[in-house]
Structures are given as C-alpha cells and as structure tokens.
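Please look at the picture first.

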Amino acid sequence: MWWLKDVWVIDPSQKLSAPRDVLVQGGQVLEISSSMTEEEVLEKAQGESIDAVNGQGKFLFPGLIDVHTHLREPGQEDKEDILSGSRAAVRGGFTTILAMANTQPVIDNRALVEFVRRQGERAGYAHVLPIGTVTKGMQGAELVEMADMKEGGAAAFSDDGKNIQNGEVMRLALEYAKLTGLLIISHCEDKYLAGEGQMRRGVASARMGLKGIPASAESVIVARDLLLAEETEGKLHLAHISTVESVDLIRRAKKRGVNVTAEVNPHHLIFCDEVLGITDTVLKVNPPLGSRADREALIEGLRDGTLDMIATDHAPHTQAEKARPFAEAPFGIASLETALSAVWQHLVVPGIISMDRVVEAWSFSPAQRFGLQGGSLVPGSVADMVLFDPEFSEVIEPATLVSKARNTPFLHKTFQGFPVMVWVEGRLVQRDRKVL
Amino acid sequence: MKWQRKDILGLEDMSVEDIRHILHTAKVMKEILMRPIKKLPTLKGKSVVNVFYEASTRTRTSFEMAAKVLGADTTSIAIAQSSVSKGESLYDTAKTIQAMRADLVILRHPSSGSAKFLADILDPGVINAGDGQHEHPTQALLDIFTMEEKLGSLEGKKIVIVGDILHSRVARSNAWGLQKLGVDVTLVGPPTLLPVEMDGLGVKTTYDLNSALPGADIVMALRLQLERQKSGLFPSLREYSQLYGLTTERLKKTGKQSIVLHPGPMNRGVEISDDVADGVQALIEKQVTNGVAIRMALIYLLIGGSSNVVA
C-alpha cells in the first residue's frame, strides 16, 4: 500500500486542490483525507507493507491522458515504437496515451487495432489506446468498419496527418460513428490552401523565402466540420487547434450547443513563428507555429474552456530526417517526455495558466470526453497518478531521453519542475525520473 | 578592415562595412579580370567545389571562372534536382565534401536555408549561390556593383524591382542590400506574386508598375518562371506582360535615363521587351562581367588568407 503524506492533491473531478494524505491499495485510490495517523494507516493496510512518501511541497494529480500521440508502430520503428513511446509517456507524466492511426500500414481494421493494443499491454507502461482511421487506407473515401474496430478496442477514429477533404465523407463519418459512441477526431487542414507550405504564412515566411501555410488552411476546415457536426449531431473532436480564427469559431459553435471538443498542443502555447530560424527544423510542425495573436488566443481559449484539452501531438522523427534543409525535413515535435515540464515552466510558473487548469485539461477532460478510465482520484478510481516536484531540476539531454526521438526544441535546456513518481494502476513505473 | 566571415549566406545579416569591403575588393578584381592575361597565382593549391542542386549556367560558370582566374582548382558536382529527399542527403554530401578537404564550397540548392544548413556543418566556408526562394547574395552584390559603377553612390536613389517577388531570392537579397545602402526600394508585381507580408522586408510595395516608375533611377525586371502560370498564380503571359512587361514606352515613365537590370536568363517579350533588353539603358551584359569580379572578391576574401592582392 502507498501512503502519500501531506501532498498537494489536484483533482478537478472533485474540485480538489489542497494538501491531503492519499492511500492507494490494490491498484485503486483507497482514501483521500486531510490527515492520517500511522495507526489508522496500519489498520487499513491489514498487514500489507506500507510505502510511505513524503509529499510535502509536491503535487499529486491523476495521470495525464494524452489523446494525440504518434508511436510509429507498426512500420516506422526507427522513429519510435510502442515500448519506447509508452516509456517516454510515463517518464513525462502520462499514464494513458492514444496512438494515432497513421502508421504503416494505417490502423484501419480490427486486427491492427488489436495489435496496437496488445503491444501496449506487452510494453506494460502507460495504457496505450489505439485510434483507428476514419477511412480505409486513410484515403478519405470509404469508411472503416467502425463497430468492429470498437469491439477490438479502438478509442476514437481519425485520419490525423491528413484531412478528409471530401465534405460528404466527413459528414458520413460523423453520422456512422454514432453507432459506436466514439469521437471523430479531425485534423483540420485544407490541402490546397496548405499546398507545399513549410511554416505559417506571414512576415517570417516571406522574409525567409519559405513557402507559407495560411491560417485559413486550418480555419476553413474547422468551420466546415463544426457545421457538419451541428447538422449531423455527431461527436467531433478537433485536433491541434492553432489559429485565432479557429478558437473564435469553436467558441461560437459551443454557444450553439455543437457537440465538439478541441485540443491545443504545448508548442502552440509556447512558441510563435517569429522565433523560427531558417534551419530550425526542430520547430517545424504541422499545424505550423502561428503568430503572437494566435498564441494569445490559444491561451485565452484554454483558460475559458473553448479549448478543452492539452495534447502533445508527440511526433517522433529520426535525427537524420530532421538534419535536412527546412523544406525537406518532416513536420513534428517529439514531446511526451518534456511537454508537462515545458508547460509548467513556460505557462504555469509565469502565472499564465493555473496548474489546476492544466490537470483538468490534460487528464480529467480527456477522460470525460473519450470515456476513458483515469482522470480522477476519487476513492475507487484506478490509481494512475503523478507526483510532481516543482523543485526538481534537470537538463534535457539526449542521453536521458527514453524516447527514440530527439526532435525536441528543449534539448540542452534546463527545466525546473518534473514528474518524479508515476503510478499506473497503483504500480510504480517511474521514480526520480528513471523509468522502472 | 579585418575580414571575419567564414561564409557568405545572405545580405540580410551582412553589415554595410562588409558590403563596402566586398565592393571595394571587387573593383580591384575587375581590373585584373580586364587584363589580357587574367591569371593569378594567389589561390594556387586551394580547391573550390561547386555543388549545384539546380540547373544553372551563368552562375556556375561565373564562379568557376572567378576561382580559376585566382589560380584555384575547381570541381563541379552537379546533382540532379530529383535527388531531393531521395539518394544522398545534403548532410551526407556535406560530410563527403568535408572529407575531400575542399577549401570553399559554392552551393546552389532549391531549399531555402540550405546554405546556412551546410555552413553550420562544414569547416570550410560556404558561398550561397542561391538557396530556394531565400537569398542570392552574389547576384545582389553584382547588381549593386553594377549600379554603383554607373550611378556612383546609391544613397537616396530609387529602384523599382518588378516581377515574381514571392518566389525571388534575387529580389530578397537586393531588398536587404539596397536598403542598407540607403536606396528607396519599391517591389512591384501582381498580388498573387507580391503577398502583403512582403512589407515585412521594410520596402514599399505596389501592384501598379506605371505609378511606381516615375523618378526611378534603376528598374530591375525579374525572370518569370513560366510554370507559375500553370499553378494559377496569374492568368496568362499575355496579361502579365501587358501589366508588368518592361517596354521602351513604359520605361519613359521614369522621366530620366534610368538603368535597367535583369538577373537573366531573360524571357524576351514577357518581362522585358527586346528593345529594352538590347537598348542603351540595359546593363545586363555588364552584370555578367561584374558577376565574375564579385565572385573573385568573395572567393579571395574567404580563402585568400594573408596573400596581398588588394592593398
């Protein structure tokens, strides 16, 4: 049995943010109370050994749930695999991760869904939940067998990495997915507007002579999908929202009662396009880093709940792929191991976003919206938990990263504030930054 | 002054002093170039490698001539354009060149930023001979040299650069360089080839060539990539030429004996008419000659070491 003493518990599911003692037994949260005596704990342990942790000055919150990761298995294991990705997850404070379907082959049938799920179980770190594609072969034309894939364990459907350009196919997907109760996750990007663009279209792209992606490439599809969700009463989730116009569209749609949620990536909350140098392929990401105004609108959207969730869009790539001229390097930032600390350092410490809101947006809300276990420390809940030490300091170095990928903009940077203990179903999987 | 730079990547981050020093050095180089026997032993034993990922006749030849006049050995690696993201990466090519102990690398590459990418990897210097749509510093320097040769100081002069601004590394490098020298720069082109964010370069922009021309001391027509029409960026060559083609009639609107530049190769009858291209105001052949001088200056400055051609 675990006894976490005098720890600051953040649990938005019970509107709790206060010092508490927490008992964990048999993979579940047993009790949370203001204080416990040793006698009380001994009695509850009923002979079981007690691991006591002094939680003073640290936070305990439900394990983070990341609804947007790319684990690259099957097919691109040189970038990442489910084992390395799920180890990176628990090192970064994530106890459940949803794996996007744009692997090779793409996850468009039940057998592949079960494969990903099984690989996650074999790895035995974070819970790995497969997302299936919306369309066969991710070709944007014919729907997958959604009901069968749900039976196999699919947690949602998405053609992420590509947009479904055909509005009618998207409409049908939102309709048909009602059979499953699962979400359609939309990667909003008009491929014609995005073209061969490499970064956000703006002064920085004009200056560097890099092809620009206009903000409208995202926002016009956000508008389309919101209208389709409204018309069909389907369940829509919008991935990696990055523009001020998108935030505005979502805010208005929610007022009308559209069944939609949206996520924002840490890098869009932290960086904007003006920081990009012409060889900074590590910051080449899709959707691209936006303007200052975009960044401010995303922060405001996260604060007021227009943007429901934070998600990493963990996109591992090899060093060789990123060591290319800007236009030839792939899009994506590997972030599972650094995202929480980056958000803490860049947004929570300066007082831009509260830690309570971060936990709500990165654990409670995803659990609620996707219907997942976790996201709560109410007694009886699964003991997926993170102990976060705001004083713990570490330099992000290639040697310590457990992900296969090194494509993080935080390499060689020092952060203070890290998850120092992580439990999955009551089992300790990370301690003092080491994956066990 | 003491020359510090290892590489020539662009004019955006080049100081006025460096630009002046290059132009001054090029003047000496041009004198050498104009001699009947143009061969110096200055860079004997030095190797200059041309790495061209894009087709180029004049720029590559110009660099080769420049290096040879100075006595360096030159090697050309022409790499088919299709090799981008296939075959050997630029990173590996760079490592190979490094291992062959080149003293200077001249790079032309279709990706913006490729020259800096290479320079960050290599110990030897890199001269950017055009990186994507980013910069083409040697072209801008030879343009500036040509303008100064004809007009003297460029301070307060007015230039109109007309054409496909969006895709032009020549326009970008000239915009940076000329502004540093106090030139009033106006970029002209159709809205699809002159997006509003080009204002970020600090220059004036307009869609109307006729209104931009009055008072211009220099008019530069850019080469129009004909395939842009197929991507829908403008409706036809005919309309483009009507609106932005440099004709004798139009050139009169400057109200002075303006000089005309073109980086070549020209699409005669599209962005420039025959009579302008071959007229007395055009300095297009001078640009080519000066190009060799500018490249001699740069090669000399980067790998000339302590040798003393320029007092």
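Predicted model: local features only at pLDDT ≥ 70, side-chain atom pairs only at ≥ 80, totals over all residues.

At what angle do helix α5 and helix α8 of chain A pack? Helix α5 (residues 167–176) and helix α8 (residues 216–232) of chain A pack at about 45 degrees, with their axes 9 Å apart, where axes are lines fitted to C-alpha atoms, for helices over the stretch in contact, and angles run from 0 to 180 degrees between N-to-C directions. Helices (H or I, at least four residues) and strands (E, at least two) are DSSP runs, numbered from the N terminus. That angle makes α5(A) oblique to α8(A), since under 35 degrees counts as roughly parallel, over 145 as roughly antiparallel, 65 to 115 as roughly perpendicular and the rest as oblique.

Residues are numbered from 1 along each chain as its sequence is written, and chains are lettered from A and ligands numbered from 1 in the order in which they are written.

On the α5(A) side, the residues that make the contact include A:Met170 and A:Leu174, and on the α8(A) side they include A:Leu228 and A:Ala229; contact here asks for C-beta atoms, placed from the backbone, within 7 Å.

Turning to chain B, an open sheet of 5 strands has the order β7-β6-β5-β8-β9, with parallel pairing, and two strands pair if DSSP finds at least two bridges between them. Its edge strands are β7 (204–206) and β9 (259–261) of chain B, each pairing on one side only. Strand β6 (residues 184–188) of chain B pairs with β7(B) over 3 bridges, and B:Thr186 has B:Lys204 as its bridge partner in β7(B).

Definitions and conventions: Contact = placed C-beta atoms within 7 Å.
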